[in-house]
Amino acid sequence: MISITVTAVVFGVVFLAELPDKTALAGLVLGTRYRASYVFAGVAAAFALHVALAVAAGSVLTLLPQQLVHALTGVLFLGGAAVLMLKKDDGEEEIRGPGDQSFWKVAGAGFMLILVAEFGDLTQIMTANLAARYDDPLSVGLGAVLALWAVAGLGIVGGKALMKRVPLKLITQIAALLMLALGVWSLWEAIAG
């Protein structure tokens, strides 16, 4: 059974945290050079693999005492909020893609780029934390993968328009505040519980 509430919370947090990430810019660059559907196929597959790994790791955390899980997730959320608040804009990086437009080369380039760039990334760690916090791997996994796919789609198809209308700094600040709130809430539950 999927919890719409958990899925929506996870979607919102992961979506906002991933928007200012370098992979959104990578998707944007690949999307301007290659067929968008090919890029999205590779990127979506890599994100699905990352979410599966993160949810599995988070599910293992549910075997620990609940107060300890709340304390750990609270500290990790606060750390994630600090990373976002202290993050400096690195600018756009040059990304090289495959030499031709074949599906397998373009999708493979998108897959490998995301697979390497996102491994151990903040949103992957955050997804593991959320899986531990809610003890609902299906809802957390669905929310996270949909958020990552949405960001990838925005980056590939409409990233330039979004970045012109919504400052990246504002998006980062909102994501940091959400993570800060989740961190404080988790620590409160660890102390009160």
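1. Buried means under 20% relative accessible area, exposed means over 50%, and partly exposed lies in between (1.4 Å probe, protein chains only). Arginine 133 has a relative accessible area of 8%, so it is buried.

2. A word on the source. This is a predicted model: local features need pLDDT of at least 70, side-chain atom pairs count only at pLDDT 80 or more, and totals for chains, interfaces and linings use all residues. Residues are numbered from 1 along each chain as its sequence is written, and side-chain values use heavy atoms, leaving out hydrogens and water.

3. The whole structure holds 1 salt bridge (a side-chain nitrogen of Lys or Arg within 4 Å of a carboxyl oxygen of Asp or Glu). Arginine 133 pairs with glutamate 189, and their closest N and O atoms are 2.9 Å apart. The partners sit 56 residues apart, arginine 133 in helix H6 and glutamate 189 in helix H8 (helices are DSSP runs of H or I, at least four residues, numbered from the N terminus). Glutamate 189 is partly exposed, because its relative accessibility is 24%.

4. Helix H6 (residues 122–134) also packs against helix H1 (residues 4–18). Their axes are 10 Å apart, at an angle of about 160 degrees (axes are lines fitted to C-alpha atoms over the stretch in contact; angles run from 0 to 180 degrees between N-to-C directions). H1 and H6 are therefore roughly antiparallel (over 145 degrees).

5. Met85, Leu86, Leu177, Leu180 and Val184 make a nonpolar surface patch of about 490 Å² (nonpolar side chains within 5 Å, each residue with over 30% relative accessible area and no salt bridge; Shrake-Rupley method, 1.4 Å probe). H8 gives the largest share, 3 residues. Leucine 177 lies in helix H8 and counts as exposed at 52% relative accessibility.

Notes. Patch = residues over 30% accessible without salt bridge, like charges linked within 9 Å, V, L, I, M, F, W, Y side chains within 5 Å. Helix = DSSP H or I, 4+ residues; strand = E, 2+ residues; numbered from the N terminus. Parallel < 35°, antiparallel > 145°, perpendicular 65-115°, else oblique.
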